Amino acid sequence: MEKQAELVRYFKKLYEQGTINLFEGNLSVRNGDTILITPSQQNKETMTLDMIVELDLQGNVLSDNGYAPSSEYRMHLEVYRLRPDVGAVLHNHSAFASAYALAGQPIRCEMAELYLYYGGEVPCCAYGAPGTDAVFADFERCFVHEGRDVVLLANHGLVAAGRDVEEAFSRAEAVEKLAKIAVLARLLGEEKALPPGEATELLRRWESRKRV
């Protein structure tokens, strides 16, 4: 039950952060040939280990606890299908990242960390209705061809992938902070650009890290 406990612990952290509510957000972890995922529309504060739903990689429910999986379970399965290296997937509606998603804009700014850890931007996937296959129609471009680990869903929210739940959570948390910094910096005026050549060097380091 270790992985179920991890899901519950981090799901409650997301609720405490204010990035999800009763009707928003989901979290999953790969469990060998199955995935464990949070249930649909359950109170995050009172969630327990026995409420976690197990699915096979075709989306069939394997657990018999009476809970339905998140309505976004197909979106999670698509990330695992596209990226065998991914061990956990998180979806939230954090305010500043979701504001970029609502505007249909990638998160871009001159923060060194955005280049070093996220390839210079967090892309925004084309809109797809929540809970449908259309929501992940753009995932191959973003998660595979562009090699991103965090993406925005237009008019919707954020999806983060990681080797484990902690990494997916940390990436989502970091991107939300970067989005907030970018918005606040623009209220102060024009961003200060990185020194000449620095963005290219940081992107080189990002590419090297991706190949490890």
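In which helix does Ala5 lie? In this predicted model, Ala5 is part of helix H1, which covers residues 2-17.

From here the description turns to the packing of two helices. A pair of packed helices is described by the distance between the two axes and by the angle between them. For helix H3 (residues 95-103) and H6, the axes come within 7 Å and cross at roughly 70°; since angles of 65 to 115 degrees are classed as roughly perpendicular, H3 and H6 are therefore roughly perpendicular to each other. On the H3 side the contact is made by Ala95, Phe96, Ala97 and Tyr100, while H6 contributes Glu176, Ala179, Lys180, Ala182, Val183 and Arg186. Sorted by class, the residues of this contact comprise 7 nonpolar and 3 charged, with no polar residue among them.

The largest pocket has a volume of about 370 Å³, and 14 residues line it, with Asp149, Glu167, Arg171, Arg209 and Lys210 lying nearest its centre. Two or more lining residues come from each of helix H4 (112-118), helix H6 (165-188) and helix H7 (198-210), and of these contributions the one from H7 is the most, at 3 residues. The lining of the largest pocket is made up of 8 charged, 5 nonpolar and 1 polar residues.

The second largest pocket, with a volume of about 170 Å³, is lined by 15 residues, of which Phe23, Glu24, Gly25, Asn26 and Ser71 are the closest to its centre. In this lining 9 residues are polar, 3 are nonpolar and 3 are charged.

The structure also holds 1 cavity of 30 Å³ or more. The largest cavity has a volume of about 40 Å³, and its lining consists of Tyr117, Tyr118, Val122, Gly147, Arg148, Asp149, Val150, Trp206 and Lys210. By class, the lining of the largest cavity has 5 nonpolar, 3 charged and 1 polar residues. Asp149 and Lys210, which belong to this cavity lining, are also among the residues nearest the centre of the largest pocket.

Terms used. Residues numbered from 1 in each chain as written. Predicted model: local features only at pLDDT ≥ 70, side-chain atom pairs only at ≥ 80, totals over all residues. Heavy atoms only, no water. 1 Å grid on protein atoms, 1.4 Å probe; cavity = no way out; pocket = protein on both sides within 12 Å on 5 of 7 lines; lining within 4 Å. Points joined across faces, edges and corners; volume = space filled by probe spheres on them. Helix = DSSP H or I, 4+ residues; strand = E, 2+ residues; numbered from the N terminus. Nonpolar A, V, L, I, M, F, W, Y, C, P; charged D, E, K, R; others polar. Axes fitted to C-alpha atoms, helices over the stretch in contact; angles between N-to-C directions. Parallel < 35°, antiparallel > 145°, perpendicular 65-115°, else oblique. Contact = heavy atoms within 4.5 Å.
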